[in-house]
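Visitor: I am new to this structure. Could you show me how to read its features, one at a time?

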Amino acid sequence: MFSLKRNETDSLPVAVAKDLVIIVAFNTVIAVLASLLGVGTFPQALRFSQAIGLSIFLLSWGICASRGRIHNDWKTAVIAIPLGSGIGIAIGSLTGGSAPTVLAHDNPGFVLGTLAIALVFGTAISYYFYSRALIAETGAELQRQRSERLAGEQRLAEAQLRLLQAQIEPHFLFNTLSNVLSLIGSDAPTAQRMLENLTRYLRASFQATRRDEVALDEELGLLDTYLGIQAVRMGDRLAYAIDVPDDLRRWPVPPCVLQPLVENAVRHGVEPVAGGGKVTVRARRDGTGLVLEVEDTGPGIAETSAPGVGLANVRERLQAKYGEAAALELRPLSPRGLQVALTIPGAAA
Amino acid sequence: MTRPTALIADDEPALLAFLRRELAACWPELEVVGEARNGEEALAMIGSLRPAVAFLDIRMPALSGLEVARRAGPACHYVFVTAYDEFAVDAFDHAAIDYLLKPVARDRLVRTAARLRERLALLPRDVSSLIEQLGRQMPAVPQYLQWLQVAQGDDIFVVGAEEVDLFQSADKYTLAYARGKEWVIRKSLKALEDELDPARFWRVHRHAIVRVGAIERANRALGGRVVLHLRGRPQVCPVSRAYAHRFKQL
């Protein structure tokens, strides 16, 4: 639908044409007012108002274009309005059949009055175009900020989706099911416990991406089911401890933020070691923040090990949510082992 | 006639017990003479116990099941057991190597046992060349430096190579700029240049290596020298003439 409002997609001629229509309309209204006030006859007033208005308009456009701007400002106006008024009055008198100087001499009152009207209305209309442009620019800026925020939210959603896709490691799933199957005949209670843990683990993993935050306690519960399953599978090769004081358990943390770290600890720190090992999860305060540590007793990260996708994903999610205040650091332990430490900012629950 | 013997190897005790029970059910004459909990144990037991068949879990600590078979050679018949390894499964099918998917299903075990019973009279095939082929076909593990041991003061950390934007040499050690901070690495710039992926890390100066992904833009400064603007770093990084050919497009 055609409207006189300037659209961002308007080409230059279209934009000029639209503004022209507005100007001509304004000029006509001014002419009506002027003739009612008795400044002259309507045709006369119309001649002058259009001449003045269009002169100011064209001069404004010309000056803006030469300065590389798309709309006017006070610097343009301060030149265009007086100059345009003068040129407009000259054109008005010439079209009326008299030379401008003659008109000024014969009818100074008319000229001065017209000049006054020109300056007042010229300023008012220039200001109208200026503020219209300002509103459009602010609107564009808001739009840009909104789309940036949406892009950020999309990145976060994608990171969470990737987290879910990486979540259910096939080896883990099929090995666990194998264990359940093999234990059904010989040790039904353990088989049952494993199946319950697996169900709980899967349910929590699927829910994770839909929530923004969970209490640390809930995340620790997820770790407990996972480590419980792995402990049955690996027998006495896996020992684990979750060492978190009660007063920190209500702290809000992103869901599944420790899960990938614990998985890495088991997969790279305990499984490949013939004698097995231990995984420890700790939490402590650090100033106003929370530090979460996952430690294993394994061989650490070899220099040429593949880059950790799980780690990168956790770091991405932490940064998207907390910005620079969150941290993820890896420290080799002596005599052996690796520690992954997460720092989550903010106040406790 | 003596009973045929078998070795089973799996790092998970429940699965070990399960396979033993299932084998007893569908191949009662088979005598399980050894149960190994990791690859090294399995290799040792193949040598000392000389079983006719070895059921090997592929993913095991110390040595993988495939490695064990490769090293032991045609000492016995092999059946590989895997939870989820679509690559190996394809290759095994292709080369007619026996395998079982976990959880081991009774009917598949019965069929495998039947096949083995037939072949026991024959000498075991040498699958080691096939396994080597398998190894070569598997996606190449990157051998470039991916993780760096770095220090900040007295603390030692591990940082991923991808996180480092710039390496700069200083006296006997090197500085790494990552995550907006400065870290010390004990490797020399030359060693880093040799070990880092040359597609992702470029030497741009006698004293500097830059991660290509961190370059925001390259400009020509006064005098025609190239300088690099790195993301998140206010100081520019000069490129010496010897290495400027990389930025010829300017």
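Guide: Start with strand pairing. Two strands pair if DSSP finds at least two bridges between them. Keep in mind that this is a predicted model. Now the case: in β7(A), A:Val340 is the bridge partner of A:Val294.

Visitor: In which sense do β5 of chain A and β7(A) pair, and over how many bridges?

Guide: The sense is antiparallel, over seven bridges. Strand β5 of chain A covers residues 289-296.

Visitor: Which residue stands opposite A:Arg331 in β7(A)?

Guide: That is A:Gln339. Strand β6 of chain A, residues 327-332, also pairs with β7(A) in the antiparallel sense. Here there are six bridges.

Visitor: How many residues of β7(A) are buried?

Guide: A general idea first. Side chains in a regular strand alternate between the two faces of the sheet. As for strand β7 of chain A, residues 338-344, six of its seven residues are buried. The strand is mostly covered.

Visitor: What lies between β6(A) and β7(A) in their hairpin?

Guide: Five residues lie between the strands. In this hairpin A:Gly337 takes a positive phi near 120°. The loop between β6 and β7 of chain A also holds A:Pro335. A cis peptide bond joins A:Ser334 to A:Pro335, with omega about 5°.

Visitor: How should I read phi and cis bonds?

Guide: Most residues other than glycine have a negative phi, and most peptide bonds are trans. B:Pro103 sits in the loop between β5 (98-101) and α5 (106-119) of chain B.

Visitor: What is the phi of B:Arg50, and where does this residue lie?

Guide: Its phi is positive, about 50°, although B:Arg50 is not a glycine. The residue lies in the loop between α2 and β3 (53-57) of chain B. B:Arg179 is another residue other than glycine with a positive phi, near 50°. Its place is the loop between β9 (173-178) and β10 (181-185) of chain B.

Visitor: Why does B:Arg50 count as exposed, and why does B:Arg179 count as partly exposed?

Guide: The cut-off for exposed is over 50% relative accessible area. B:Arg50 counts as exposed because its relative accessibility is 59%. B:Arg179 is at 28%, so it counts as partly exposed.

Visitor: Is B:Asn38 buried or exposed?

Guide: Buried means under 20%. B:Asn38 has a relative accessible area of 7%, so it is buried. It lies in the loop between β2 (31-36) and α2 (39-49) of chain B.

Visitor: Which backbone atoms does the side chain of B:Asn38 reach?

Guide: It reaches the backbone nitrogen of B:Glu40 at 3.0 Å. It also reaches the backbone nitrogen of B:Glu41, at 2.9 Å. Leave aside neighbours within four places in sequence, and B:Asn38 is in contact with A:Ala274, B:Met60, B:Pro61 and B:Ala62.

Visitor: Which residues make the nonpolar surface patch of about 590 Å²?

Guide: They are A:Trp74, A:Val78, A:Ile79, A:Leu83, A:Ile87 and A:Ile91. A:Val78 is in helix α3 of chain A, residues 74-95. A:Val78 is exposed because its relative accessible area is 54%. A:Lys75 lies in helix α3 of chain A as well, and is partly exposed at 43%.

Visitor: How many helices and strands does chain B have?

Guide: Seven helices and 15 strands. Of the 250 residues in chain B, 46% are buried.

Definitions and conventions
Residues are numbered from 1 along each chain as its sequence is written. Chains are lettered from A and ligands numbered from 1 in the order in which they are written. This is a predicted model: local features need pLDDT of at least 70, side-chain atom pairs count only at pLDDT 80 or more; totals for chains, interfaces and linings use all residues. Side-chain values use heavy atoms; hydrogens and water are left out. Patches are made of residues with over 30% relative accessible area and no salt bridge: like charges are joined within 9 Å, nonpolar side chains (Val, Leu, Ile, Met, Phe, Trp, Tyr) within 5 Å. Accessible areas come from the Shrake-Rupley method with a 1.4 Å probe; for residues, only the protein chains shown count as cover. A salt bridge is a side-chain nitrogen of Lys or Arg within 4 Å of a carboxyl oxygen of Asp or Glu. Helices (H or I, at least four residues) and strands (E, at least two) are DSSP runs, numbered from the N terminus. Buried means under 20% relative accessible area, exposed over 50%, partly exposed in between (1.4 Å probe, protein chains only). A polar contact is a pair of N or O atoms within 3.5 Å; within protein, one must be able to donate a hydrogen and the other to accept it, and residues adjacent in sequence count only if both atoms are side-chain atoms. Contact means heavy atoms within 4.5 Å.
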